[in-house]
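Hello,

Here is the structure I promised to pass on. Please have it open while you read; my notes follow below.

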Amino acid sequence: MSWFRKPSSTPLWRDEFSVHTVDERYVNRRQFTKFLTLTSFGMLVGNLWILARSAFHRAPVYPKLAVGSVDELAVGGVKIFAYPTADDPCILVRTAAESFVAYSQKCTHLSCAVYYEKEQNRLECPCHQGFFSITDGSVLQGPPQRALPRVALEKKNGQLVAIRMEGDGA
Amino acid sequence: MSRNAPQKKGLTAIDGAMVLIVILLIVQIWLLSATLESYLAGHREAAVPGAIISGILFAACLGLYRLVDRIDSDNRQG
């Protein structure tokens, strides 16, 4: 028993390759509709994949990494470092005498390297003019949809230590 | 009435169903991209409603495809 169509005595090959023009229009539309429905199934699989990733998510363990000494940077100074792995470039900025912030250097749009624009006091992505707030990494302008992941820092014995990433979806 | 009249009527119904499927698909694509953006931003709470709504949209597409299939079958068998 067919799930969709009424049982037919017509062989499938004859049904799919009709000699009549009107019937052929039907075949084309049905095939296209089938393609659209399969695409819809693909979208569902994508959503289910995100659901599965969310359900089986485990909180990552971040290493502690000494980024540099507090006196190393002048106000407005910048240092590039890698955290939590060697493939994750980050940018450290001294925004005031006692204020340091660090973010992932990968733009959340297409992963270009962001840099600190001192005059505007913001992080900028040169590829597509995405601007991020230096205060919290949120998007100020441009195509990025998400804030820059932030590196949580702590001061220990005059050293700045990266302790975890925040807002990176990991 | 000629044989072509019900045939054309069937084609119009199929065209309507196709347009509906396309609209549902556009919504589903948007939903997937929005859910993915939320997930990547660390908001995992959007995953469950995203998957449920996507499932409903897929079920609607499947229902419309079934309708198209039945119309096709009915018309071509005379």
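The hairpin of S9(A) and S10(A) has 2 residues between its strands. A:Asn157 takes a positive phi there, near 55 degrees. Please bear in mind that this is a predicted model. Within the pairing, A:Glu154 has A:Val161 of S10(A) as its bridge partner.

S10(A), residues 159-166, also pairs with strand S1 of chain A, residues 65-69. That pairing is antiparallel too, with 4 bridges. A:Val161 turns up here again, as the bridge partner of A:Ala66.

**The open sheet in chain A**

Next, a sheet of 4 strands. Their order is S5-S6-S7-S8, the sheet is open, and the pairing is antiparallel. Which strands sit at the edges? They are S5 (115-117) and S8 (139-141) of chain A, and each pairs on one side only. On average, neighbouring strands are turned by 40 degrees against each other, direction ignored.

Now S6(A), residues 122-125. S5(A) and S6(A) pair over 3 bridges, in the antiparallel sense. A:Glu117 has A:Arg122 as its bridge partner. A:Tyr116 has A:Leu123.

On to S7(A), residues 130-133. It is joined to S6(A) by 4 bridges, and the two strands run antiparallel. A:Arg122 stands opposite A:Ser133 in S7(A). This pair of strands is a hairpin as well, with 4 residues between them. The residue with a positive phi in this turn is A:Gln129, at about 55 degrees.

Which residues of S6(A) are on the covered face, and which on the uncovered one? A:Leu123 and A:Cys125 are on the covered face. A:Arg122 and A:Glu124 are on the uncovered face. The general rule is that side chains in a regular strand alternate between the two faces of the sheet.

**Nonpolar cores**

The largest nonpolar core has 21 residues. Those with the most contacts inside it are A:Cys90, A:Ile91, A:Ala102, A:Tyr103, A:Val114 and A:Val151. Which elements give two or more residues to this core? They are S3 (89-96), S4 (99-104), S6 and S10 of chain A. S3(A) gives the most, with 4 residues.

A:Cys90 is worth a click. Leaving aside neighbours within four places in sequence, its contacts include A:Phe81, A:Ala82 and A:Tyr83. A:Ala102, A:Tyr103 and A:Val151 are also among them.

A second, separate core has 16 residues. Among them are B:Phe58, B:Tyr65, B:Val68 and B:Ile71. As general background, nonpolar side chains in soluble globular proteins tend to be buried together.

Chain B has 2 helices and 0 strands. Of its 78 residues, 33% count as buried. Take the contacts in chain B between residues at least 6 apart in sequence: 68% of them join residues at least 24 apart.

B:Asp74 lies in helix H2 of chain B. Why does B:Asp74 count as partly exposed? It has 13 other C-beta atoms within 10 Å, and partly exposed lies between the limits of 12 or fewer for exposed and 20 or more for buried.

How many residues of chain B are in contact with chain A? The count is 40, against 32 residues of chain A. On the chain B side, H1 (4-40) and H2 (47-76) are the elements that give two or more residues. By class, that side has 23 nonpolar, 11 polar and 6 charged residues.

**Confidence**

Chain B has a mean pLDDT of 87, and 87% of its residues reach 70 or more. For the complex, the predictor gives an ipTM of 0.88 and a pTM of 0.68.

Best wishes

Terms used: Residues are numbered from 1 along each chain as its sequence is written. Chains are lettered from A and ligands numbered from 1 in the order in which they are written. This is a predicted model: local features need pLDDT of at least 70, side-chain atom pairs count only at pLDDT 80 or more; totals for chains, interfaces and linings use all residues. Two residues are in contact if their C-beta atoms, placed from the backbone, lie within 7 Å. Ala, Val, Leu, Ile, Met, Phe, Trp, Tyr, Cys and Pro count as nonpolar, Asp, Glu, Lys and Arg as charged, and the others, Gly among them, as polar. Two strands pair if DSSP finds at least two bridges between them. Axes are lines fitted to C-alpha atoms, for helices over the stretch in contact, and angles run from 0 to 180 degrees between N-to-C directions. A nonpolar core is a set of buried Ala, Val, Leu, Ile, Met, Phe, Trp, Tyr and Cys residues joined through C-beta atoms within 7 Å. pLDDT is the predictor's confidence in each residue, from 0 to 100.
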